Amino acid sequence: MKKQLEIDYAFGYVYDKSKLIVMYPAGTNIIDLDDYEMEVEVAFLEDGIDAAFEENDVKEANETIKPLETFLMKPSKVIPFVISIKNAETKEELPKLLAEFDEEYEVKENYIKKGYEIKDIYHVFENVVSYIPKENLENLNILKIENDKFDMDKFISTVSENLDEAINKNLIAIDMKQSELTPRLYIKADGKTNTKFVVFGTDINSYSQGILCANNEVIKDLDIDMGDVEISNTRDIGYIINEENGYLTFKIANYNSQTSNNNQIAQIVDYSGIFKLMMIDFIKQFVR
């Protein structure tokens, strides 16, 4: 009987702000030792996730990893890895072969040299709080305006009027409280707070195609650059507006009205593509 190798693969989700790579098991391949060529296996991974693996496997992995985005934001990239090479019959690990593979593939070692941790998905889900990046979110303000120089009532009434046909008026402006776990995350509050989410863009697929924005523009090209933003029948884009020390600060956030634990949350995003300038220009209309 020919000696065979068992090669285990993983998808590595890269979270740059946390300097973390989260490994998701991506299947196993059994190959005859005589047929094993390290260069061929390296080339296979260098083709990337979408070329090297089944679409359904990639989709399942993405859906499983998605809850981490609440705390770690979106991964910057997803990279395939070989995580284990074993004797297929005895299950004995073959570290020499794996070390030779990693030396040729280089990706893992390059990230380790940059200070990244590589952890399996189960560990990260259990310890996610310890990987939440420490950030200065003031850098994500798109505007800071003196409170008495901004017409908040007119701003909200204009948003409500322009989005009237697409969204429930109760979802136009929502009082929020900051999460105790991560400053990027806000949760719908039961009462009045000094922070609110005000919607700017919402999905209008229920009666048309595209995204209706509070400035009366309709984005019909859904392949346009939206950055980190996701818009769907449960996700909108808008502003997190915080009032403090006589000033209003505005950040761009994704609002999710239907999370798995029945919360309504808004998450500040780093990059919002086409929306950023649109949203800044819209706010400026209400500066006195």
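I began with a tally of this predicted model: the protein has nine helices and 13 strands.

Next I looked up its overall dimensions. The C-alpha trace spans about 80 × 40 × 30 Å along the principal axes. I also noted that 48% of the 288 residues count as buried. For the accessible surface I found about 15,700 Å², with 44% of that belonging to carbon and sulfur atoms.

Then I checked contacts along the sequence. Taking those between residues at least 6 apart, I see that 69% join residues at least 24 apart.

On to charges: I have 31 positive and 54 negative ones, and their mean positions lie 8 Å apart.

Now for a sheet I wanted to trace. Four strands make up an open sheet with mixed pairing, and I read their order as β3-β1-β2-β4. At the edges I find β3 (77-87) and β4 (117-120), each pairing on one side only. From one strand to the next, the twist averages 35 degrees.

I took a closer look at the β4 side. Here β2 (residues 20-32) runs parallel to β4, and four bridges pair them. As one partner to look for, I picked Val-22, whose bridge partner in β4 is Lys-119.

Last, which helices pack on this sheet? I noted two, α1 and α5. Helix α1 (residues 38-46) touches β1 (4-15), β2 and β3, and its direction makes about 30 degrees with that of β1. Helix α5 (residues 95-105) touches β1 and β3, and I get about 155 degrees between its direction and that of β3.

Terms used: Residues are numbered from 1 along each chain as its sequence is written. This is a predicted model: local features need pLDDT of at least 70, side-chain atom pairs count only at pLDDT 80 or more; totals for chains, interfaces and linings use all residues. Side-chain values use heavy atoms; hydrogens and water are left out. Two strands pair if DSSP finds at least two bridges between them. Axes are lines fitted to C-alpha atoms, for helices over the stretch in contact, and angles run from 0 to 180 degrees between N-to-C directions. Contact means heavy atoms within 4.5 Å. Buried means under 20% relative accessible area, exposed over 50%, partly exposed in between (1.4 Å probe, protein chains only). Accessible areas come from the Shrake-Rupley method with a 1.4 Å probe; for residues, only the protein chains shown count as cover. Lys and Arg count as positive and Asp and Glu as negative; His and the chain ends are not counted. The place of a charge is taken as NZ of Lys, CZ of Arg, CG of Asp or CD of Glu.
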